[in-house]
Amino acid sequence: MRVFVNVDDKRWKKYDIDFEKIANAAVSAVYKNSEVSITLVNDAEIKKINKKYRGINKPTNVLSFELDDDVLLGDIFISLDTVRREAKSENISVAEHTAHMIVHGVLHLLGYDHLNDKDAERMEKKETAILKKLGYKNPYTAESGVCNDESCCPGGKFVVGLKKFFRGAFGRTMVYSLCAVVASFGFAPFNFWWATVIGIGGAYLLSLKNLVGVSAWRKFWRVFPFGAVYAIAMFWWVLNSIYVVPELASQFAIWTIPGIVGIGIVGGIIFTPPFLAISSVRLNPACRPFLFASVWTLVLWLREWLFTGFPWNPIANISLQNLHVANSMSLYGALGLTFVIVGVIAAVCEIIKNRRDGLNWFVLLCFLMFGVIGILYGRRNITFVQNSCDVLPRPVIRIVQPAQSAIQKATHSRSAALQNANHNINVMTEIASSEGEYDMVVFPETAYPFVMMPGDIISMARVLDKPMIIGANYFDDGKLYNSMLVVNPDATVSGVYSKSHLVPFGEYRPFGDLIPTPGQLTAGDGPELIKMNLGGKNFVFAPAICYEVIFSDSLIPRGKIPNAIVNITNDNWFGKTPGTYQHLGMVRRYAIESGVPIVRANYSGISAFVAADGNVEAMIPIGIAGHIDGTVCGAHRTAYRRFGRDMWMIIILVVSCLGTIWIAGVTRKK
């Protein structure tokens, strides 16, 4: 272990003390690459430190300030005046008593304490054994000069008591849980981006306390509460769907508590790895931000497929209130912007722990540089979209939001079902027939209340005399699909796209009949482009049904640039919970990444025209029946789409590895 000795009081120089030898005797071989700073002061100086950091206006013999770091263990301050007085009273040499202070101080940095009899006895035995190896007698056979209260420890009685509480399992769980709840407020509808920064930063700092003397399994369980509570705080709204329709509630309400527990368990497994990595891998502290950010991003990438995939709320989404920052995703995607944001959080935490390490500042500068590059490209993306939208004329698209309740849509008796279905068709037709000129109308997911089959027609199109897009259940070759139908003005169906990414437990049974599921649908074939003739011009769009739009780089065939993405959905199940607002956020993220505007028709959620830069140009609020007319423009191929999601993941991992290798090399040279 490297020991740095700073002599602030020159009187120390007359004592022949091997500080490095004594300090190394107090640690095991596992700390051979660690560092300790010992500052030799007098009573006047240590009194100032004691007052500033502990609120105790008197001198003491030794003060230890631990950094909760396995490389930079911390700082030790020893006062010559107090050591001399205590050595004289114990009839020992200054060198011998100083050796005791060094050992005592180093053990504090390693987590030893003497706040109760059991801990004090453990620490005294350790000190005695170390001093015996150095050739010194047991300092506790007579009255000790070492304080037996809190005078050697950073912080007064209250602070030390508080510290002891939060070191315990209950207190630590409380702090992790609080950090998780705070972090969830960075997303819609709250949009407190700083809350996510504080929440993740707090959990990061707390995780660094797992560095010493804890097994990997225990470290996992220590961090687990953060992942579990973070997932529950962000995703509880999915269970709201159980209670929307009374018939479903009576059957599925029993699954509410198991559902909450399941979300917590999965969340704990998914969100724990980044924190576990920084507390388990021995690295220079300056390397940890790269490790933390890359593992967090890798977890986001894996969430595209894990448990059928649910990459909801990437950290990048907290930037959506600032379009210039959010448009970094046109370069990096949500993966890259998440890497930058999380990396900045981690780098700032390392600076908080040790602001004197220049490498920590360099790492923060690197992540900020990535952020600036993303913002500059994002501004370019915004400018391109705005300039390309000056070209007129463009086809006018009408979005219809029926805002009928889920109960109104649900089937009861056969006669009631037919009555409701015809009523809903009349409502949609009336809204779509409102005044105004438009070239096409888009209805939401499952808006057409009857099951369609090949050769069927949708007669409401004749009333509108316009081409239209509408969601319906489609039955073909013995299989039932959740589909988007392209309907001609003569009521014939000219195109069918079926949802390929189905919702587990809602649209299919992932575990067979073990857990009951409302539907058992068949998945479609995947992404495609559909061409329509609108006002004499070709309109090419990529279809997306419901949450298919949350899967990055998944809707548009490689190398193609459609005029728009048409996303039909039904957020009726989630009402005014955060999920409805966050779904719109995921749509905005996809528009930025792909550089393609999105036409979003929601049954009773938030329908909107979203520009290719993520700006919401027009919208219908939750629960409001009506229509909006708009146009789409600015479609282009972003840098993110040129590289693709998987290539960006590789780039992020390579950057992290190179950064870690470079810092390790610099550290070795020192």
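Student: How many disulfides does the structure hold?
Tutor: This is a predicted model, in which local features need pLDDT of at least 70, side-chain atom pairs count only at pLDDT 80 or more, and totals for chains, interfaces and linings use all residues. Residues are numbered from 1 along each chain as its sequence is written, and side-chain values use heavy atoms, with hydrogens and water left out. A disulfide is taken as a pair of cysteine sulfur atoms within 2.5 Å. C389 and C633 form such a pair, with their sulfur atoms 1.8 Å apart, and the number of disulfides in the structure is 1.

Student: What is the handedness of the disulfide of C389 and C633?
Tutor: The pair links distant parts of the chain, 244 residues apart: C389 is in the loop between α16 (358-388) and β5 (397-401), and C633 in the loop between β16 (626-630) and α21 (639-643). Helices (H or I, at least four residues) and strands (E, at least two) are DSSP runs, numbered from the N terminus. Because the torsion about the S-S bond is about 100°, the disulfide is right-handed.

Student: Are C389 and C633 buried or exposed?
Tutor: Buried means under 20% relative accessible area, exposed over 50%, and partly exposed in between, with a 1.4 Å probe and protein chains only. By that criterion, both C389 and C633 are buried.

Student: What is the order of the strands in the open sheet of 4 strands?
Tutor: Two strands pair if DSSP finds at least two bridges between them. The pairing in this sheet is mixed, and its order is β1-β2-β4-β3. β1 (2-7) and β3 (62-66) have a single partner strand each, so one side of each is left without a neighbour in the sheet; the strands at the edges are thus β1 and β3.

Student: Do β3 and β4 run parallel or antiparallel?
Tutor: Within this pair, V62 stands opposite I78 in β4. The two strands are joined by 5 bridges, and their direction is antiparallel.

Student: What angle does the direction of α3 make with that of β4?
Tutor: Contact means heavy atoms within 4.5 Å. Axes are lines fitted to C-alpha atoms, for helices over the stretch in contact, and angles run from 0 to 180 degrees between N-to-C directions. α3 packs on the sheet, touching β2 and β4, and its angle with β4 is about 65°.

Student: Which elements do the buried residues of α3 pack against?
Tutor: In α3 (residues 80-90), the buried residues are L80, D81, T82, V83, E86, A87 and E90. They pack against β2 (35-41), α2 (43-54), β4 (72-79) and α4 (94-109).

Student: What is the phi of N91?
Tutor: N91 is in the loop between α3 and α4. At 70% relative accessibility, N91 counts as exposed. Its phi is positive, in a residue other than glycine, and is near 60°.
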